[in-house]
Number of protein chains: 2
Amino acid sequence: MSGLILSGRELAAALRADTARQAAALTDAGTPPRLAVVVATDDEASAGYVRSISTAAVKLGIVCKVLDLGADAELATIRATLAALSADDLVHGIILQTPLPGGVRLEELTGAIAVEKDVDGANPLSLGRLAAGLSAYPPATAAAVLAVLDHHGVELAGRRAVVIGRSTVVGKPVAHLLLERHATVTVCHSRTPDLAAVTCTADVLVAAVGRPGLVTAGHVKRGAVVVDVGTNPTPDGGLVGDVDAGPVAEQAAGLTPVPGGVGPVTTALLLNHTVRAATALTRPASTG
Amino acid sequence: MSGLILSGRELAAALRADTARQAAALTDAGTPPRLAVVVATDDEASAGYVRSISTAAVKLGIVCKVLDLGADAELATIRATLAALSADDLVHGIILQTPLPGGVRLEELTGAIAVEKDVDGANPLSLGRLAAGLSAYPPATAAAVLAVLDHHGVELAGRRAVVIGRSTVVGKPVAHLLLERHATVTVCHSRTPDLAAVTCTADVLVAAVGRPGLVTAGHVKRGAVVVDVGTNPTPDGGLVGDVDAGPVAEQAAGLTPVPGGVGPVTTALLLNHTVRAATALTRPASTG
């Protein structure tokens, strides 16, 4: 008897349809939604990702402008570009692509992205507002984890959630989102001595490390729900997650597949955040 | 056989001595450190707290300016006051006292406190920067929890820490600080069904709820270290923590007392943050 495969494809399609509807309404009203992607790398994988975002955006009626500053761009240039886009009324969403040149910390630069255009939740202020229960866009990947769980009706309030990984992009924001939904939340990482002992307490287990096969059946309580955020390239050009899918699916009540789980929902949410930002930014100012 | 009482008094005294030294150096250099406390309440407990901060500041050579805007102050006034203090070169630390008038959310106003003067870590950007591993002042209470643990040589890396309470002021920032120190961190709260089952997994247990007697011996693993952040007033004018101190001290390897544990370190750190802020703000700008 094996657990359910918690696909993200249906949810991603629904999100895309909603996004396209909002984009059309914005365009009809004279303000086509516009996403700016700032690139400062010649990394191949990054270029592929940017192409896929760009194609997906255009399909939904979002104008996508890629600003390639080159792999030797200076910090001041990247920061000034982000600041100019933040001030530009025609731009509604801003993404800073990684990797960045020469050991620059993403979080230092992303402070220059206006929070109301920070559709991938990269500015530390977005994370702080999220943690403080204020409005902000979470990183799309973190939001996708919650969206997939909700789509499949997974209960969170009062349940034990364990997140493996403490990155600013996934682990920490996912922990905050789960906490806000009244789960009891544990964050594990590379320095956790007996990982399986901790992960086996989870009703909901989120793996966000980037190591294929990290989560085995021995890490999962029978009947748990497992969300696999890993997207690790395989030699044959495919993708695998952080979870040893076959054996874990036998043990779990549900498992998100890779590909086809969190991934498509992440892209769909990024573009959904962009039309939401455009709608909020073009709404007539309230008098309050 | 009972556990150690992990006093905060000695550490607080050392922090005060260091703060006084830094304050004297700043004053000698022509810039006495200055703390501004913004008050918009006629709450008695708050007035007592402000008096005690003010007295402690003056003793250490910090100028403390209390701006009482009155319990019916308008939001715009409070926000404008915080913005003016943020822009004032003679002010180095800013605290916004609670409670606030009429259901205002603290975190919405504290966005107006410049991060480099946010000595009690109240601006959501400070929390976000902390979570992203960037420099920021943590809330003094959260910083005090870590300082007491360090002072008493409590190992954190690779150990299991459980925080009871998910407030923006204590629970969440403490969780981030423990995570940064490589503990495996769990956050529990009012919606955690079997609290004792979770807290009994803790090597280090932090209680930050504000409910006397919440943590009993049955919540504590033998040999754990327990930090009591609660400061609950008693009818006779005293203070008790969240921990049932007698029985828990028997069970634990160490317990912070109330009063005399986290409390005095919190006040000392708030003032220490203020002289650190003054030192950073008055340092000649680097050329980098």
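How many salt bridges are there between chain A and chain B? The count between these chains is two, where a salt bridge is a side-chain nitrogen of Lys or Arg within 4 Å of a carboxyl oxygen of Asp or Glu.

## Basis of the model

This is a predicted model, in which local features need pLDDT of at least 70 and side-chain atom pairs count only at pLDDT 80 or more, whereas totals for chains, interfaces and linings use all residues. Residues are numbered from 1 along each chain as its sequence is written, chains are lettered from A and ligands numbered from 1 in the order in which they are written, and side-chain values use heavy atoms, with hydrogens and water left out.

## Extent of the interface

Chain A and chain B each bring 33 residues to the contact, contact being taken as heavy atoms within 4.5 Å. About 2800 Å² is buried between the two chains, with carbon and sulfur atoms giving 56% of that area; buried area here is the accessible area (1.4 Å probe) that two parts lose on being put together, summed over both.

## Polar and charged pairs

Across the interface there are 20 residue pairs in polar contact, both residues being at pLDDT 80 or more. A polar contact is a pair of N or O atoms within 3.5 Å; within protein, one must be able to donate a hydrogen and the other to accept it, and residues adjacent in sequence count only if both atoms are side-chain atoms.

On the side of chain A that touches chain B, helix H4 (106–110), helix H5 (124–131), helix H7 (171–180) and strand E6 (184–188) each supply at least two residues, and H5(A) gives the most, with six. Helices (H or I, at least four residues) and strands (E, at least two) are DSSP runs, numbered from the N terminus.

B:Arg129 forms a salt bridge with A:Glu108, with 3.9 Å between the closest N and O atoms. The side chains of A:Arg129 and B:Glu108 also meet in a salt bridge, at 3.9 Å from N to O; A:Arg129 lies in helix H5 of chain A and B:Glu108 in helix H4 (residues 106–109) of chain B, so this pair joins two chains.

## Strand pairing and symmetry

E6(A) pairs with strand E6 (residues 184–188) of chain B in the antiparallel sense over three bridges, pairing requiring that DSSP find at least two bridges between the strands. Within this pairing, A:Val185 stands opposite B:Val187.

Chain A can be laid on chain B with an RMSD of 0.0 Å by a turn of 180 degrees and a shift of 0.0 Å along the axis, the superposition being by least squares on the C-alpha atoms of residues with pLDDT of at least 70 in both copies. The two copies are therefore related as by a two-fold rotation axis. The same surface serves both copies, since 100% of the contact residues of chain A recur in chain B.
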